[in-house]
Amino acid sequence: MTDVHSPQTQLADGLNYFAALDLGSNSFHLVTTRVIDQHVQPLLKFKQKVRLASGLSKTNKLSEEAMQRGLAALQLCAQRLQGFATEQVYVVATHTLREAKNADVFLARAAEFFPFPIHIISGHEEARLIYRGVAQTSSYQGRRLVIDIGGGSTEIIAGEEFEPKILASRSMGCVSFTERFFKDGKLSEKRFKKALIAARSELEPVAAGLRKFNAVEVIGTSGTIKAIAQWVQLRDQSAPDVITRTALQRCVEQLLTHTNISSFNEAAIDADRHGVIAAGLAVLVAVMDELELTSLTCHDAALREGVLYELAERVIGHRDVRQRTIDGMAARYQVDELQAQRVAETAVYLLRQVAKPWQLQQPAWRQRLQWAARVHEVGLQINASSLQSHSGYIIEHADMPGFSKEEQAFLAALVRNYRKKLQLERLPQLYLFEQRDLWRMIVLLRLAVLFNTDRQSSLLLKKIQVRQDTLLLTLTKEGSANPMLLNDLALEAKQQAKLGINLRVHG
């Protein structure tokens, strides 16, 4: 189904225009906006029903049919994004592509015609962005609970004002539960009960903490909850956008008068959502019961609005949540800030010399290198032995708000390889980045650390010259007279040869 609310965006104001694309398990949602006086004004909304989650097998392989549906929808989105620059668009993929073992195949096919990076985000990151979308578009700023039932997962977030306090992402959604419990549209009390038990079991590990939060306002977002709210309002002539637990029970009873969803004909619910409404209803009942909720209020904004506000802040306001994440990690692990700064300054100096020939001129490369320098020693909190491995492990497995899974993997790979022997077989397979670019960033970080081994401000490097994959380092007098540095550089040349780099030193 196509849902277009306004004409295609005309990019007259350059970077004041932004787009967010949410590759969900049920639908793909595209929103384009412009920012006027720090206000986000929607311009176009486009939705394609894809049902990716229905094509996910028990072994977590995405079917060819589901891939084709997704790629066809992505082609339509690409048409509506013509004229947007890469930095104006942020694309996130959620539960189904997060779980699919062959997501790389989908990403590779998409890259043939879709010019924007697709970021597969974690469940916690999805939950954080959903909360941000609600917080930025809601007048209430006290303690709130946000519930978002998607096609493959359900996110529940407890927060206050603009800050989420508890983030939960559970593997239950209206499409995935339809496949498990209501295959071929079959309805019965027994099937519904099984779905309800499964959902409550999924919620049990997080329910106690969410109940203790004592939220004053409870908000429901996205298609399933909005559809149920419309159903309740039309049937009961009640207040719009409000779902009580009592009204929800009447929905269950009404639904179970049918033995197949094909005979269910509720006018308030779009026909294309009928097939998944039973599963969505079971999930919502389970959430309200487990969290002991008596009512909730629907809200229009969710994940894509959260993405939009964050993207606008990155580009216009220069407030990047990823920087806050790095700063918080550095503080938590008590990194040596002076050493981190020395390494960062050297790394940026090296990058400036090689940026043009190595095509690393975008500001994002400098940012990634600075982040890696800032946190490369977080593993010292474990111990100094195999420091780089400990640091890499922490970054790979930490909850890092703002970072997509691949961005986090890239950063972890940089840090894991900043010293000692390179293990190329352990480098991650990347889709948003060229493998060569990762190798070159590792080269720069390793040299930046090597020139600051003494942990003191000293001038050892005079200049660096680059010709393709040959690096010529010219040392200062002080550097040339440092036998430990010369020995370290000789050993480093052997490691960098593994990355195809010919490292030469001139004293």
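R143 and E160 form a salt bridge, with their closest N and O atoms 3.7 Å apart; the term denotes a side-chain nitrogen of Lys or Arg within 4 Å of a carboxyl oxygen of Asp or Glu. Because R143 belongs to strand β6 (residues 143-149) and E160 to strand β7 (residues 154-160), the pair ties together parts that are 17 residues apart in sequence. Strands (E, at least two residues) and helices (H or I, at least four) are DSSP runs, numbered from the N terminus. The structure holds 27 salt bridges.

The model is predicted, so local features need pLDDT of at least 70 and side-chain atom pairs count only at pLDDT 80 or more, while totals for chains, interfaces and linings use all residues. Residues are numbered from 1 along each chain as its sequence is written, and side-chain values use heavy atoms, with hydrogens and water left out.

The domain assignment, whose bounds come from an automatic or database source, gives domain 1 (15-120 + 305-311), domain 2 (138-299) and domain 3 (319-455). The centres of domain 1 and domain 2, taken over C-alpha atoms, are separated by 24 Å. Their contact (heavy atoms within 4.5 Å) takes 8 residues from domain 1 and 13 residues from domain 2.

About 810 Å² is buried between domain 1 and domain 2, with carbon and sulfur atoms giving 50% of this area. Buried area is the accessible area (1.4 Å probe) that two parts lose on being put together, summed over both. On the side of domain 1, N26, R51 and H95 lose the most area to domain 2, together 46% of what that side buries.

Between domain 1 and domain 2 the count is 1 salt bridge. Elsewhere in this description of charged pairs, the side chains of K49 and D272 meet in a salt bridge at 3.9 Å, N to O.
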